[in-house]
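Hello,

Please find the structure below, handed over for you to look through. My notes on it follow.

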2 protein chains.
Amino acid sequence: MGEFELIECYFRAAAQGLVSQRGDVILGIGDDAALLDMPADRQLVAALDTLVEGRHFPADCAPASIGHRALAVNLSDLAAMGADPAWCLLALTLPRAEPSFLQPFSDGLLALARRYGVALVGGDTTGGPLSVSVQALGFVPPGTALRRDAGRAGDLLYVSGTPGDAAAGLALLQAAAAAGPADAQQQYLLQRFLYPEPRIELGRALRGLASACIDVSDGLVADAGKLAVASGCGAAIDAAQLPLSDALIHAVGTEQAVLHALTGGDDYELCFTVPAARRAELEARLTNVKCRVTCIGLLEKQSGLRVTRNGAAIHCDTRGYDHFRTG
Amino acid sequence: MGEFELIECYFRAAAQGLVSQRGDVILGIGDDAALLDMPADRQLVAALDTLVEGRHFPADCAPASIGHRALAVNLSDLAAMGADPAWCLLALTLPRAEPSFLQPFSDGLLALARRYGVALVGGDTTGGPLSVSVQALGFVPPGTALRRDAGRAGDLLYVSGTPGDAAAGLALLQAAAAAGPADAQQQYLLQRFLYPEPRIELGRALRGLASACIDVSDGLVADAGKLAVASGCGAAIDAAQLPLSDALIHAVGTEQAVLHALTGGDDYELCFTVPAARRAELEARLTNVKCRVTCIGLLEKQSGLRVTRNGAAIHCDTRGYDHFRTG
């Protein structure tokens, strides 16, 4: 048995508990493909995202974080659709089959999978430069999926959590070799980059209520801009309303914190719109969701994205993170 | 708009015809995830396989072949389950966004997708060393999926097509720089490596008939061995029965042709078992399938895989292709 088959056996054993728990996995890892029982009267939601070493995470990143993030970015896509996550498949390309990588990598991925009841049901391991593709599958009741393109001028624009933390965390990670030990606030920012939490619960709560939704992976301004374009609108963001974490302000000061929140990538928060008349309904629904949301602006008829702060325009790069430009 | 977003727009436009044709794609490329209408009373079949440059294809491989094979290897997994293919997602990692690569790559992938009515519904493009992951999704009527683990001692063992051609084709490709122009038989072998045909039609015809099935990607002996182990059996293969193509015999001689057929990778044929009492039923079903199948042996109670030719044992490497060992 070759090393890569051993890896598949390893993942198969590690994933067995979740497979048994779900009860809808007829065949998981070990056959040519996974065989899955779909629940009746549900639409399927499918996401496939890749993390590449040196592009999406630093070369010396903790393997547990790589495993966590590879699944988290895909669950975040499912969250942005309002989906209930169900299954995932893993395509892992790595230079060498080293237990010192595989054990924490799989621990990181499967700990997150367990938290959301997601079973690892298949995939592929091969040799090559380190990269990880995860396919996440989930469901929504027919007609309830959140989408990018159904916002309307006048809808209120919200963001979850405290955007900008992950960008500051990545900067700390990249400077870590030169710096001393991280304090509690720096640790918090590092965790926000290394272990983003997909907003599954929030996405579910927004079904049938949010008019449009997108996950914030390329930066708030870039992704809010995509939502606005898809909805045939423009948008106005009041930067004074941005929910900034104390840790972020402490680490970089308020001016830079605002820029991080507007343009930093890797937050995996949700940016969504709600008709103004349904604001109270949103607040009522969110009482049971452990995730803060903040109204930061609104959609407008006029195309383009306008960011102001205390009345003054802020010019920021709205193009978002481009792997080709910055690589 | 960054280069990688342009690529997504490009694939979105190129895939639109297939999306419209299927009618079950609510949201395809362009939202956070794909939103898909499952047919009633079907189980979902999901495969995810990756091709890495320098491991699964040579560095100077034609982009059209890379696109074709990235989808073909996943459709082959679906074929081995007897599934009807429906949708695919593409995770493409490439060093630079060059139209001279992207156009033939997408032509190759989408031409194959079109042939099987598969809609490209999502994915991800990023910068990095060239690798391609495709996720293929399909359906089977409940309880009819082919699997590896349900063969029984006494069942007849079959293989489709003419295995070994792809290994000879790869050898020709690797020697191409030194060799002159390829003749018709060499062209045939090259095509067998560069443009393998997933045995979708055959897999469908075997539903409810084959006791076990696997696709041959790592070599016939290795994959038949996996089927036998999963089914709790051993297997005997009579190498004199191997269906060898004239082109293969012409290119490498009969002795080497037999070894290619037994151990060469990348064939993407199906290897399957049928209860001996149902042989006539198999033959009747296959009259409408444009793919030859050949009985090459049978499953046995005694574990292990035995290959003989005219009564003499053949010893061959049964471990299959290992990306770590041979890379």
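**Strand pairing in chain A**

In chain A, S3(A) and strand S6 (residues 131-140) run antiparallel and are joined by 10 bridges. Strands and helices here are DSSP runs numbered from the N terminus, with at least two residues (E) for a strand and at least four (H or I) for a helix. Two strands are said to pair if DSSP finds at least two bridges between them. In S6(A), Ser133(A) is the bridge partner of Thr50(A).

Before going further: this is a predicted model, in which local features need pLDDT of at least 70 and side-chain atom pairs count only at pLDDT 80 or more, while totals for chains, interfaces and linings use all residues. Residues are numbered from 1 along each chain as its sequence is written, and chains are lettered from A and ligands numbered from 1 in the order in which they are written.

Opposite Val45(A) stands Leu35(B) of S2(B). The strands belong to an open sheet of 6 strands with mixed pairing, in the order S5(A)-S4(A)-S6(A)-S3(A)-S2(B)-S1(B). Its edge strands, each pairing on one side only, are strand S5 (119-127) of chain A and strand S1 (25-27) of chain B. From one strand to the next the twist averages 20°. Angles run from 0 to 180 degrees between N-to-C directions, and axes are lines fitted to C-alpha atoms, for helices over the stretch in contact.

S4(A) and S5(A) run parallel and are joined by 8 bridges. Ala91(A) stands opposite Asp124(A) of S5(A). S5(A) is mostly covered, with 9 of its 9 residues buried. A residue is buried if 20 or more other C-beta atoms lie within 10 Å of its own, exposed if 12 or fewer, and partly exposed in between, with C-beta atoms placed from the backbone.

Helix H2 (residues 63-80) of chain A lies across S3, strand S4 (84-94) and S6 of chain A, and runs at about 145° to S3(A).

**Contact between the chains**

Between the chains, 54 residues of chain A are in contact with 54 residues of chain B. Contact means that the C-beta atoms of two residues, placed from the backbone, lie within 7 Å. On the side of chain A that touches chain B, strand S3 (residues 43-52) of chain A gives the most, with 9 residues. That side of chain A divides into 26 nonpolar, 14 polar and 14 charged residues. Ala, Val, Leu, Ile, Met, Phe, Trp, Tyr, Cys and Pro count as nonpolar, Asp, Glu, Lys and Arg as charged, and the others, Gly among them, as polar.

**Domains of chain A**

Chain A is divided into domain 1 (3-140) and domain 2 (156-313), with bounds that come from an automatic or database domain assignment. The C-alpha centres of the two domains of chain A lie 26 Å apart. Their contact takes 20 residues from domain 1 and 19 residues from domain 2. On the domain 1 side, H2 and S4 of chain A are the elements that give two or more residues. H2(A) supplies the largest share of that side, 11 residues.

**Chain B**

Strand S6 (residues 131-140) of chain B is mostly covered, and 10 of its 10 residues are buried. Ser131(B), Ser133(B), Gln135(B), Leu137(B) and Phe139(B) point one way from S6(B), while Val132(B), Val134(B), Ala136(B), Gly138(B) and Val140(B) point the other way. Strand S3 (residues 43-52) of chain B runs antiparallel to S6(B), joined to it by 10 bridges, and Leu48(B) stands opposite Gln135(B). Strand S4 (residues 84-94) of chain B pairs with S6(B) in the antiparallel sense over 9 bridges, and Leu90(B) stands opposite Val134(B).

Helix H2 (residues 63-80) and helix H3 (residues 99-115) of chain B pack at an angle of about 35°, with their axes 7 Å apart. By class, this contact has 12 nonpolar, 5 polar and 1 charged residues.

Ala230(B) is in helix H7 (residues 220-230) of chain B. This residue counts as partly exposed because Ala230(B) has 17 C-beta neighbours inside 10 Å. Leaving out residues up to four places away in sequence, Ala230(B) touches Arg148(B) and Asp149(B).

Regards
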